[in-house]
Protein chains: 2
Amino acid sequence: MADYVIGIDLGGTFIKAGVVDKQGKSLARTSVETEVKKGHETVVTNICRAADIVRDEAGLSWHDIIGIGIGAPGTLDIKNGVVLLSPNLPCLNEMPLRQLVAEKVPVPVVLENDANAAAWGEKWVGAGRGVNSLVMFTLGTGIGGGIILDNRIWHGANDVAAEIGHMSVFAYGVKCACGNLGCIEAYASATGMIRRMKEAIQEGKPSLLAEKVKNGEEFLAKDIHDAALQGDKTAEEIIVETGRLLGVAATNMMHILNPDMIVFSGGMINAGDMLLHPIKEEVNKRAFPASREKCQIVFAELGGDAGFIGAAGCALTEFETSA
Amino acid sequence: MADYVIGIDLGGTFIKAGVVDKQGKSLARTSVETEVKKGHETVVTNICRAADIVRDEAGLSWHDIIGIGIGAPGTLDIKNGVVLLSPNLPCLNEMPLRQLVAEKVPVPVVLENDANAAAWGEKWVGAGRGVNSLVMFTLGTGIGGGIILDNRIWHGANDVAAEIGHMSVFAYGVKCACGNLGCIEAYASATGMIRRMKEAIQEGKPSLLAEKVKNGEEFLAKDIHDAALQGDKTAEEIIVETGRLLGVAATNMMHILNPDMIVFSGGMINAGDMLLHPIKEEVNKRAFPASREKCQIVFAELGGDAGFIGAAGCALTEFETSA
């Protein structure tokens, strides 16, 4: 009897894959290059190769596998398993990815948006275990999102829901890469935080990163946190302000959806309480008590594994009843 | 066989009631005073009296009635049918309203939030007929909301979802009555629009309403629209700006939930295209094409009847299968 699922986290540079049991425990994981420039056939081959590697490493045969879940970035037609538009994987645009993979493996395949898959991972076996509804903000170069309502991923009318990074919190604020004004992503993503840090230094605020800015050197969100830990007050203020703005966005999500939990994930959560404390403080100032008292605000627990674990979980949900 | 439902729209001043058939057609309607100052027993008696009046006017016996739906304002425990906190109906705070009414009528009773009920009315037989998901903004003294997802009202973790008027679109904007900063309600409700109109006049902008402001006289949102129709450019700018800000809020809802439809209701929609045009224009500038192209933006169709029709619809949904 088949008791395992394979999850694929398809990125622009790497494909992460893992074998997961029905309780969400990972038995094996691997990472292979996506090789996006070699075209869609190579990418599909690499997905199948990654799946085969982890199946083999877990000591399983294909008979043990219920199905494969693929979390992919971009705009998808989930029902039909098609990638519509993926800026990081242009070779897959308009490709029936689910079918292309399914033709090469002896198990069924489901396609899911990567941010939704990660949210599902946290809901299944991470920070959101046991809750009915959650909203996840994934803080990276941009801000991605996933919304789980009543134990199901909310996809929206045509599978583009949960673009919560593109909620405007400054109606006439800075222009976001998406074209909208004042998106939370433009302020509180790693990119947005770095922009604000550079601006603070250019306004003359003292910082350990001032020299880099003067020399036109780039730095990372992590460098801002490191500077703050070394006593850089400007860096600390930038992180605290990032938390406050995420608190505004979290309050909006509470007022709109009244979820059981709001989860923050992505590399930026390494800033720990320096980020989480102002998020909570802002929510306490702003949110309706009835919403706030019910809603936990937490950091994600699965780190970089959330994507493939969640994708595997989507396959389990999709195929278990029919297995 | 029971084929009709009674809907109650419980307001701070009036109780509207109506008999509705299974297709959502109103057979009779009435309005009685709530008499909130006389206490909860009187309010309950008046609800039952209103229900009895419309049943009688429709020429029906209680055997023809499937159940009663009550749409009530405030924070509710919907599952248990209890009013937790209702600023406009303080005598009902912590009262088991569903049970109190059910004890006095021979049919089952369901309690729903009034804004959710109105959204359900529009979804059932109004502007939202046939859609799977919609978000409704009710523009009045404040901004209320209702969210329908997958043909069901989304209540949230503890029945306080859809407070979309308290989505902040100016993170550090004006203080809203709720305590949060920059809520869309503080700018684009009737109250918010009147505040901005007064400010524009006080800043020296010319307006037909300038004399009123100088004399400390109050005016209504309708007066701003009337002035605009008489060529008052400042009044027109205030309405257009209200539309733009509602467009920002609508874009946020599209990015978060990707609904089939966004509906605007309430007295302010009498401003017609002067309000709707800038809403759509702003959405066209800001929203992701994939979300925007799928989402209709419309005005509500049921007017003041949406509340009781939707409440009746909730009773039908709740009790029809068990009838």
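Mentor: We can start with one residue, keeping in mind that this is a predicted model. H155(A) sits in the loop between strand 10 (152–153) and helix 4 (185–188) of chain A.

Trainee: Which residues does H155(A) touch, leaving aside those up to four places away in sequence?

Mentor: They are I78(A), E112(A), N116(A), V160(A), A161(A) and N258(B). With E112(A) there is a polar contact between the two side chains, at 2.7 Å.

Trainee: N258(B) belongs to the other chain. How is the size of an interface described?

Mentor: The size of an interface is often given as the accessible area lost when the parts come together. Here about 3600 Å² is buried between chain B and chain A, with carbon and sulfur atoms giving 56% of that area. Chain B brings 48 residues to the contact, and chain A brings 48 residues.

Trainee: How many salt bridges and polar contacts are there between chain B and chain A?

Mentor: Side chains of opposite charge can pair when their charged atoms come close. Between chain B and chain A the count is two salt bridges. One salt bridge joins R152(A) to D150(B), with the closest N and O atoms 2.9 Å apart. The interface also has 34 residue pairs in polar contact. On the side of chain B that touches chain A, helix 8 of chain B gives the largest share, ten residues. By class, that side of chain B has 23 nonpolar, 15 polar and ten charged residues.

Trainee: What about helix 8 of chain A: how many of its residues are buried?

Mentor: In helix 8 of chain A, 21 of the 25 residues are buried, so the helix is largely enclosed by the rest of the structure. From first C-alpha to last it reaches 35 Å, close to the 36 Å expected. D232(A) caps its N-terminal end, placing a side-chain oxygen 3.1 Å from the backbone nitrogen of T234(A). Just after the helix, N258(A) has a positive phi of about 50°.

Trainee: Why do residues a few places apart in a helix point the same way?

Mentor: An α-helix has 3.6 residues a turn, so residues three or four places apart point the same way. In helix 8 of chain A, E236(A) and K233(A) are three residues apart, about one helical turn. Their side chains form a salt bridge at 3.7 Å, N to O.

Key
Residues numbered from 1 in each chain as written. Chains lettered and ligands numbered in written order. Predicted model: local features only at pLDDT ≥ 70, side-chain atom pairs only at ≥ 80, totals over all residues. Heavy atoms only, no water. Contact = heavy atoms within 4.5 Å. Buried area = accessible area lost by both parts, 1.4 Å probe. Salt bridge = Lys/Arg side-chain N within 4 Å of Asp/Glu carboxyl O. Polar contact = N/O pair within 3.5 Å; in protein donor to acceptor, adjacent residues only side chain to side chain. Helix = DSSP H or I, 4+ residues; strand = E, 2+ residues; numbered from the N terminus. Nonpolar A, V, L, I, M, F, W, Y, C, P; charged D, E, K, R; others polar. Expected span 1.5 Å × (residues − 1). Buried < 20%, exposed > 50% of the residue type's maximum accessible area, 1.4 Å probe, protein only.
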